[in-house]
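Good morning, and thank you for coming. I would like to take you through the side-chain contacts of one protein chain, and I ask you to keep the structure in view as I speak.

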Amino acid sequence: MNAIIALLRPQQWLKNGFVLIGLIFSHGWTNSALVFGVAVGFVAFCLASSAVYVLNDYHDRAADAAHPKKRYRPIASGRVGLPTARALIVVLAGGALGLPLASGLWPVALAVAAYLLLNIAYTLRLKHKVLVDVFCIAAGFMLRLACGTYAVGILPSRWMLLCSFMLTLFLGFAKRRAEIVAIPEGALALQGSTRVVLRHYSPQLLDNLVAITASASLLTYGLYTVDAETAALHGTEHLVLTLPIVTFGVFRYLHLLYKGGSGEEPGRDLLADNQIRIAVLAWVAVVVLLVGT
């Protein structure tokens with residue numbers, strides 16, 4: 001059972017918090033129908049993302065077995081058998097689609113189906129394509145956001161959409177940079193030693209992509225805070241006061257990436273650093289004070 005839980009990677013469900021963004025920023029938490037729809041979407045994406053992790057580990061089991069770290073994964077190590085893995089994929093994917101359909105939320109089911117199809121293509125082929133791999137990761141996050149907004153009748157801000165897209169690209173390219181610099185010299189040429197796509201990246205290219213997407217993330221977030229529609233929705237023109245906090249958080253993450261050896265697991269790294277945790281709490285406190293209830 002411990003091996004199955006590890007295979008499902010529940011610690012990664014934090015990423016599905018993107019489903020909740022639209023509800024929070026639209027003040028939709030007072031609408032029970034919206035809350036129910038978003039909650040169904042969140043649970044469905046947790047099931048779908050776990051199905052994708054099992055599928056990925058099942059497909060890559062031979063390569064993982066030859067990897068110095070990934071060989072300890074449940075399927076590669078033999079702790080979870082192949083029939084069990086196949087059954088988990090079917091049950092999780094079926095639950096991810098069946099839950100919103102049973103709830104009458106077919107747009108949510110459509111978003112989940114698109115996510116599953118995208119990740120099947122990613123696992124089988126697209127993750128080996130330079131740049132395409134990170135854009136697929138970003139697309140997965142945008143589908144989560146679409147599930148929590150358009151699929152339940154919330155119209156998100158255009159600046160929020162752009163900021164979310166750039167932020168996910170930033171974290172994706174930061175992850176690739178952390179992975180490539182962590183590889184011992186000469187190991188890129190070894191079969192099964194690492195991600196195949198990393199052979200087509202370089203630290204210099206990734207440095208530029210990280211810098212571009214980090215800048216774009218801050219710019220689009222700043223534009224979101226000063227947008228007239230944002231001010232009208234939240235009843236304040238002072239959300240721009242949160243920009244310094246967000247800027248510090250991004251700069252701190254860059255520091256961890258370049259000096260602290262972090263970045264390979266964005267979810268873990270964001271939660272593990274005290275200064276980033278304090279920045280998140282400060283951001284929440286300022287938003288609550290400005291927006292109120």
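Let me begin with a term: a residue is called buried when its relative accessible area is under 20%, exposed when that area is over 50%, and partly exposed in between. Please bear in mind also that this is a predicted model.

By that cut-off Arg-177 is buried, because its relative accessibility is 12%. Its side chain meets that of Asp-207 in a salt bridge, at 2.4 Å from N to O. The two residues are 30 apart in the chain, with Arg-177 in helix H8 and Asp-207 in helix H9. Asp-207, for its part, has a relative accessible area of 24% and is therefore partly exposed.

As a general point, side chains of opposite charge can pair when their charged atoms come close. How many salt bridges does a search of the whole structure find? The search gives eleven. One of them joins Arg-158 to Asp-227, where the closest N and O atoms are 3.6 Å apart. This pair also links distant parts of the chain: Arg-158 belongs to helix H8, whereas Asp-227 sits in the loop between H9 and helix H10, 69 residues apart. Arg-158 is partly exposed at 46%, while Asp-227 is buried at 10%.

A further salt bridge connects Arg-252 with Asp-273, with 2.8 Å between the closest N and O atoms. Arg-252 lies in helix H11 and Asp-273 in the loop between helix H12 and helix H13, so the pair ties together parts that are 21 residues apart in sequence. Both of these residues, Arg-252 and Asp-273, are buried. Elsewhere, salt bridges link Arg-9, Asp-57, Asp-64 and Arg-73 into a network.

I turn now to the aromatic residues. There are seven aromatic pairs in the structure. Among them is the pair of Phe-25 and Tyr-224, which is edge-to-face, with 5.9 Å from centre to centre and 75 degrees between the planes. Because Phe-25 lies in helix H2 and Tyr-224 in helix H9, this contact ties together parts 199 residues apart in sequence. Tyr-224 counts as buried, at 6% relative accessibility. Another edge-to-face pair consists of Phe-170 and Tyr-253, at 5.9 Å centre to centre and 70 degrees between the planes. Here helix H8, which holds Phe-170, is linked to helix H11, which holds Tyr-253, across 83 residues. Phe-170 and Tyr-253 are both buried.

Which residues do ring pairs link into a cluster? They are Phe-25, Tyr-221, Tyr-224 and Trp-283. Two arginines also lie over ring faces: Arg-61 over Tyr-58, at 4.5 Å from the ring centre, and Arg-144 over Phe-141, at 4.7 Å.

Next, the cysteines. Cys-46 is buried at 6% relative accessibility, and Cys-136 is buried at 10%.

Finally, the surface. Leu-219, Leu-223, Val-226, Val-240 and Leu-241 form a nonpolar patch there, with about 420 Å² of accessible area together. Leu-219 is part of helix H9 and is exposed, with a relative accessible area of 55%.

Terms used: Residues numbered from 1 in each chain as written. Predicted model: local features only at pLDDT ≥ 70, side-chain atom pairs only at ≥ 80, totals over all residues. Heavy atoms only, no water. Patch = residues over 30% accessible without salt bridge, like charges linked within 9 Å, V, L, I, M, F, W, Y side chains within 5 Å. Areas by Shrake-Rupley, 256 points an atom, 1.4 Å probe, with all protein chains shown as cover. Salt bridge = Lys/Arg side-chain N within 4 Å of Asp/Glu carboxyl O. Helix = DSSP H or I, 4+ residues; strand = E, 2+ residues; numbered from the N terminus. Buried < 20%, exposed > 50% of the residue type's maximum accessible area, 1.4 Å probe, protein only. Phe/Tyr/Trp six-rings, centres within 6.5 Å; stacked < 30°, edge-to-face > 60°. Lys NZ or Arg CZ within 6 Å of the ring centre and 35° of its normal.
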